[in-house]
Amino acid sequence: DVMDYLVERGQQLEAQHGHWQTLAIIPVPKEAGSSDPQLYFRERLHAVRQGLERLSASSGLTTPEQLGFPKELPPSDAVPRLLVQLTLIEDAASLILAHKVSSLSLFKVEDPVTIQVRGSKGLALLRLPVRVRLAGPLPIVTKVLGAVQHAKPMMDLQGVQMTPGTEPDELEVELILARYLSVAAPQGGDEKAGEEAGTKRRKPPAWIAGRKSPEAKTSHTE
């Protein structure tokens with residue numbers, strides 16, 4: 001009886017693991033491992049921008065021209081996570097514009113955060129946040145948040161900030177959404193050090209912020 005219970009429980013846990021892995025962890029696009037992943041990223045970025053232009057035209061709103069990515073091509077090893085953030089921007093824009101918001105004014109790619117998976121020395125998760133700014137009345141904002149909660153693949157709502165808008169009964173809303181990518185755990189540290197890495201903000205390389213000098217902080221993003 002004990003063995004039967006353990007086998008059944010193990011199967012349940014495996015099924016739950018598979019469900020959450022499918023829902024929460026974004027697979028690496030096979031094209032990211034092509035002979036020229038940088039070119040593929042540039043093509044995907046162009047396609048997403050065109051898609052946002054079509055969405056904005058149909059909704060009567062303007063979408064942000066700047067998506068927060070550096071103009072220069074990123075390193076090849078950064079392409080998989082940037083593709084995940086780009087897809088998150090694409091999905092979030094479609095979801096938000098479908099709810100008739102008053103405006104969608106900002107996408108900003110945030111720094112990745114490494115999270116050590118407990119009990120797995122060889123596996124870590126990369127949290128990939130994107131900051132989104134929109135405006136609309138409270139009922140519309142509530143519907144947007146509900147849609148985010150039920151989105152598939154999952155959009156992890158990391159933070160919400162609301163302030164009064166410029167129009168009566170309107171709110172300015174800033175969301176931090178995230179998706180996750182499975183990566184190899186950082187080498188040279190124990191599990192505790194890996195967990196701590198998920199809570200510390202590390203200074204990003206210059207290309208992530210799209211600048212070569214502090215003076216050019218906002219002039220080299222697209």
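Of the 38 residues in the largest nonpolar core, L67, F69 and F107 touch the most other members. A nonpolar core is here a set of buried Ala, Val, Leu, Ile, Met, Phe, Trp, Tyr and Cys residues joined through side-chain atoms within 4.5 Å. At least two residues of this core come from each of α2 (37–59), α3, β1, β3, α4 and β5. Its largest share, eleven residues, is supplied by α3. Apart from this core lies another, of five residues, including I26, V84, L126 and L181. In soluble globular proteins, nonpolar side chains tend to be buried together.

The model is predicted: local features need pLDDT of at least 70, side-chain atom pairs count only at pLDDT 80 or more, and totals for chains, interfaces and linings use all residues. Residues are numbered from 1 along each chain as its sequence is written, and side-chain values use heavy atoms, with hydrogens and water left out.

The protein chain contains six helices and five strands, in the order α-α-α-β-β-β-α-β-β-α-α along the sequence. Of the 222 residues in the protein chain, 38% are buried; buried means under 20% relative accessible area, exposed over 50%, and partly exposed in between (1.4 Å probe, protein chains only). Among contacts in the protein chain between residues at least 6 apart in sequence, 72% join residues at least 24 apart, a contact being heavy atoms within 4.5 Å. The accessible surface of the protein chain comes to about 13,100 Å², and 55% of that surface belongs to carbon and sulfur atoms. Accessible areas are from the Shrake-Rupley method with a 1.4 Å probe, and for residues only the protein chains shown count as cover.

Not counting residues up to four places away in sequence, F107 touches L52, P64, Q66, L67, G68, I89, A93, V130, R131 and V132. V132, in turn, is found in strand β3 (residues 123–137) and counts as buried because its relative accessibility is 1%. The C-alpha atoms of V132 and S105 are separated by 7.8 Å, although the two residues are 27 places apart along the chain.

Charged pairs form a further set of links. The structure holds five salt bridges, each defined by a side-chain nitrogen of Lys or Arg within 4 Å of a carboxyl oxygen of Asp or Glu. One of them joins the side chains of R44 and E90 (3.1 Å, N to O), linking helix α2 with helix α3 across 46 residues. E90 counts as partly exposed because its relative accessibility is 27%. E110 forms a salt bridge with R131, the closest N and O atoms being 3.3 Å apart. E110 lies in the loop between β1 and β2 (113–116) and R131 in strand β3, so this pair ties together parts that are 21 residues apart in sequence. With a relative accessible area of 10%, E110 is buried. R131 also meets E174 in a salt bridge (2.8 Å, N to O), which links strand β3 to strand β5 over 43 residues. At 15% relative accessibility, E174 likewise counts as buried. Through shared partners, salt bridges join E110, R131, R133 and E174 into one network.

Several backbone features occur in loops. The peptide bond from K152 to P153 is cis, with omega near -5°, and P153 is placed in the loop between α4 (138–149) and β4 (156–164). K100 has a positive phi, near 55°, in a residue other than glycine; K100 lies in the loop between α3 (79–97) and β1 (103–109) and is exposed at 65% relative accessibility. D169 also has a positive phi, near 60°, in the loop between β4 and β5 (170–184), and D169 is exposed with a relative accessible area of 71%.

Technical notes:
Helix = DSSP H or I, 4+ residues; strand = E, 2+ residues; numbered from the N terminus.
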